[in-house]
Amino acid sequence: MRSLVRETQLQPRALIYPLFVCEGEGLRREISSMPGVYNLSIDEALKEVEVCAALGIGGILLFGIPAEKDEQGSGAWASDGIVQRALRAIKALPASKSLVTIADVCLCEYTSHGHCGLVARDGEHFEVENDSSVALLAKAAASLAAAGADIVAPSDMMDGRIAAMRSALDAAGKHNTPILSYASKFASAFYGPFRDAADSAPQFGDRRTYQMDGANLREAMREIEQDIAEGADMLLMKPAMPYLDVIREARNRFDLPMGAYQVSGEYSMLHAAFQRGWLEPERAMLESLLSIRRAGADFIVTYFAKDAAKAL
Ligand code: PBG
């Protein structure tokens with residue numbers, strides 16, 4: 001009877017699993033703050049893709065850890081960049097047919113300073129330059145689509161990037177590649193463990209000049225409106241659990257497909273409690289995911305995707 005009257009469903013099909021791809025071979029390096037999550041060389045990432053496909057997971061989201069970083073983050077748009085190579089290998093795998101392959105678009109994993117855009121410095125003062133960054137991000141999106149990404153997902157939070165990416169994708173013949181926009185990404189403490197995983201912590205300053213203030217729900221709605229006007233095809237809300245009200249408000253206002261990202265810190269804090277025996281792992285994991293679906297997300301990006309798919 002419970003299953004007949006259940007209002008919210010959780011399905012492996014609506015889960016996306018993030019993968020951190022790095023150089024090397026046979027490499028599987030656990031991220032200390034994220035138990036069960038690894039930096040993977042491409043050959044190891046392919047194994048994960050097969051596991052995800054076998055579990056009926058909906059898709060994967062790719063992040064890259066390049067061997068070298070520079071001021072511009074040129075690894076983000078290099079045709080032989082780490083994610084571009086991973087994409088080609090993944091798309092050649094028969095198992096990948098049942099998965100949607102999403103590429104994160106940002107510069108922070110590729111820049112030596114760790115910011116999501118280009119930095120102009122003037123003595124003590126520094127500024128992340130919006131417009132010059134947008135041009136590079138658009139180049140990265142086109143390059144990732146050319147390498148085989150089914151969807152590009154900009155997480156940089158520069159203004160005007162969606163329109164620039166749409167024209168760069170169209171110019172590259174990628175009219176059919178949708179943009180999944182992290183339209184209202186909040187400047188959050190919960191990204192901490194990710195920055196260990198992706199080696200992308202800013203070397204100076206913080207991300208508050210381009211990521212959103214956690215206090216502002218109405219501003220988040222304006223950011224989303226802007227991205228939709230520029231051509232966003234889908235939305236990705238982030239973080240999830242500390243911002244369930246924002247997800248609900250976006251669901252009520254906008255009709256675009258919408259996902260939510262249960263970010264690294266949300267995963268790590270649950271794991272910390274599991275390790276101490278303070279929370280029941282399976283129940284707490286599924287409840288956290290259910291809350292995000294109930295708030296209105298169609299799909300969830302989560303480091304629990306494999307565990308949840310098994311439990312379901
Ligand atoms: C890159 C990016 C971040 C995350 C996704 N894309 C980190 C950040 O903005 O610092 C965070 C994901 C997570 O915490 O799991 N801009």
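Author: Cysteine 116 counts as buried, at 0% relative accessibility; buried means under 20% relative accessible area, exposed over 50% and partly exposed in between, for a 1.4 Å probe and protein chains only. Cysteine 106 is buried too, with a relative accessible area of 3%. This is a predicted model, in which local features need pLDDT of at least 70 and side-chain atom pairs count only at pLDDT 80 or more, while totals for chains, interfaces and linings use all residues. Residues are numbered from 1 along each chain as its sequence is written, and side-chain values use heavy atoms, with hydrogens and water left out.

The structure contains zero disulfides, a disulfide being a pair of cysteine sulfur atoms within 2.5 Å. For cysteine 106, which is in no disulfide, the nearest cysteine sulfur is that of cysteine 116, 3.6 Å away. Cysteine 116 is likewise in no disulfide, and its nearest cysteine sulfur is that of cysteine 106.

The ligand is surrounded by 18 residues, each with a heavy atom within 4 Å of it. The closest are Lys185, Arg195, Lys238, Ser264 and Tyr303. Polar contacts (pairs of N or O atoms within 3.5 Å) can be traced individually. A polar side-chain atom of serine 155 lies 3.3 Å from a ligand nitrogen. For a ligand oxygen, the distance is 2.6 Å from a polar side-chain atom of arginine 195, and one of serine 264 lies 2.7 Å from an oxygen of the ligand.

Technical notes: Polar contact = N/O pair within 3.5 Å; in protein donor to acceptor, adjacent residues only side chain to side chain.
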